[in-house]
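Let's learn to read strands and sheets together. Please have a look at the model first.

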Amino acid sequence: PRIPGRKWLKLDWTMLRKLRCCWRAGCRAARAWDSLPASPWRAQGAPCGFFTSPCRTKAKKRPGYWKPLPGVQEIEQEEVEEGGEEEDADDEEALWAQHPATALPPGAQRIFLVHPEVKWGAKKQQLTTAELQLAEAVTLVKSLPEWTVVDQVILSTKTPDSKLIFGKGNFQALTEKIQGTPGITAVFLNVERLPPASVREMEKTWGVKVFDRYTVVLHIFRCNARTREAKLQIALAEIPLLRAALRNELAALDQQGGGGSRYIMGSGETYTEVQKRLLKEKEQKIRKALEKLKRNRHLHQTQRRKLELPSISVMGYTNCGKTTLIKALTGDEGMQPRDQLFATLDVTAHAGLLPSRLTVLYIDTIGFLSQLPHSLIESFSATLQDVARSDIIIHVRDISHPETVKQKASVLSVLDNMCLPRQLLDSVIEVHNKVDLVEGYQPIEPCVFPVSALHGNGLEELKQELDTRVLTVTDKKIMTLRVNLSGSQLSWLYKEATVEDVCILPDDCAADVKVIISSSAYGRYKKLFPHS
């Protein structure tokens, strides 16, 4: 029954006081939200999620009332049914397209490029010069559509590990030069990685976005990615950038009044904890999807091993001509090499014939670049596993490049970090490509093969060396077997081995067959045809 009098009035005032507290909290959150600058995660004037989020319903997860930052949005887990490849592809596309950390405003970008030159110390780059490093950075920028370099400068520094990279005087001079150059939309600082605090301070001082090599290279990857595996690996490599952007956003909230430490209504978590949890869940989903693709790749590799097809991995610095060389060795007209950095992000296999008519698979791999964090290479570990399972490695060098010695050192350093078998490392064949661009080139180093993949020079010598190496490494034998033409021996050899020559003996109704055959296949042959 209804309770008359003051007791019911007291209950109404209690409810009003609770509503007033909630309303004040919402107003504070809205003011803090509106005071934040526009960013790739939040458009200017976007409403605060405190008022627009739907009512909480029963669910498997706890998203809370606060709308999470775009880029780390929660994706509801779905039950994966057997044969649900389309659902898996949709989930992976969602992880890929979900507000990437490297997303930039659409349209052309006008870049002011700054290269810090370390004069001495452990940070000084060896086997190169500041001018060559600046030229490589310019090439990185030009690899992106509608990106142009407005101005470029080399600035010396004694403190490359400091917050602002440069000393006080040089930083002030750089600031005046940047602010005096009209039309700049971003600054590209040619360093491996910039700490979030450094990025925040520089953007505040210069008034434009600031990028490092990690961010620019990831954006190039994102523009060139085509397959599901490449997209997921790039999404995994973007996680550190998302965490850095989250720290910057939380620092801005703290300056506005401790927004990151307040509890979200009903969730039992602070705003900071929610964002970190969503990032962790996104990373786990990406790794889970990559693990599934890794199992599929392992299945394909098992099938190749059953066919006993030798594999040759072609590696090298980016834009050294790996794809062009494979096209020349295989005659595959479907391959379309491009004169561009990181044109290849996916491992592809291409069949070719050696002079002995032995079929081999050439594995085209992603190119390498100096001054990249190890975490970026780790993101592509699933792709590089094909290299570890290959029989021979071809190391392609652009011999016309002024930094060819430094590029070789960068590639060999990555190979050492991959923990490859010593036998595989010892079988590396070094190929000097683009010799047509160096007049009268003669290699100084021993046991190298100068070629021009574009014009076909030196390819026959390389094929003969590959033929000899493959037969040695794979333990295949060249044998002459006499077979009875009335039986199925010849057809079996055509199927299970490589037939080089057949000499018919009409008087004996037999043939002498010259074959390249593995030890395991020869064992099966003797078991099936014991009287041959």
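Q: What should I know before starting?
A: This is a predicted model, where local features need pLDDT of at least 70, side-chain atom pairs count only at pLDDT 80 or more, and totals for chains, interfaces and linings use all residues. Residues are numbered from 1 along each chain as its sequence is written, and side-chain values use heavy atoms, with hydrogens and water left out.

Q: What order do the strands S11, S12 and S13 have in their open sheet?
A: Strands of a sheet pair through backbone hydrogen bonds, either parallel or antiparallel. Strands here are DSSP runs (E, at least two residues), numbered from the N terminus, and two of them pair if DSSP finds at least two bridges between them. In this open sheet the order is S11-S13-S12, with antiparallel pairing. S11 (476-484) and S12 (498-505) each have a single partner strand, so one side of each is left without a neighbour in the sheet.

Q: How many bridges join S12 and S13?
A: Seven bridges link S12 with S13 (residues 510-518) in the antiparallel sense. Ile-504 sits opposite Ala-511 of S13.

Q: Are the residues of strand S5 buried or exposed?
A: Buried means under 20% relative accessible area, exposed over 50%, partly exposed in between (1.4 Å probe, protein chains only). In S5 (residues 311-316), six of six residues are buried.

Q: Which residues of S5 lie on each side?
A: In a regular strand the side chains alternate between the two faces of the sheet. Ser-311, Ser-313 and Met-315 are on one side of S5, with Ile-312, Val-314 and Gly-316 on the other.

Definitions and conventions
Helix = DSSP H or I, 4+ residues; strand = E, 2+ residues; numbered from the N terminus.
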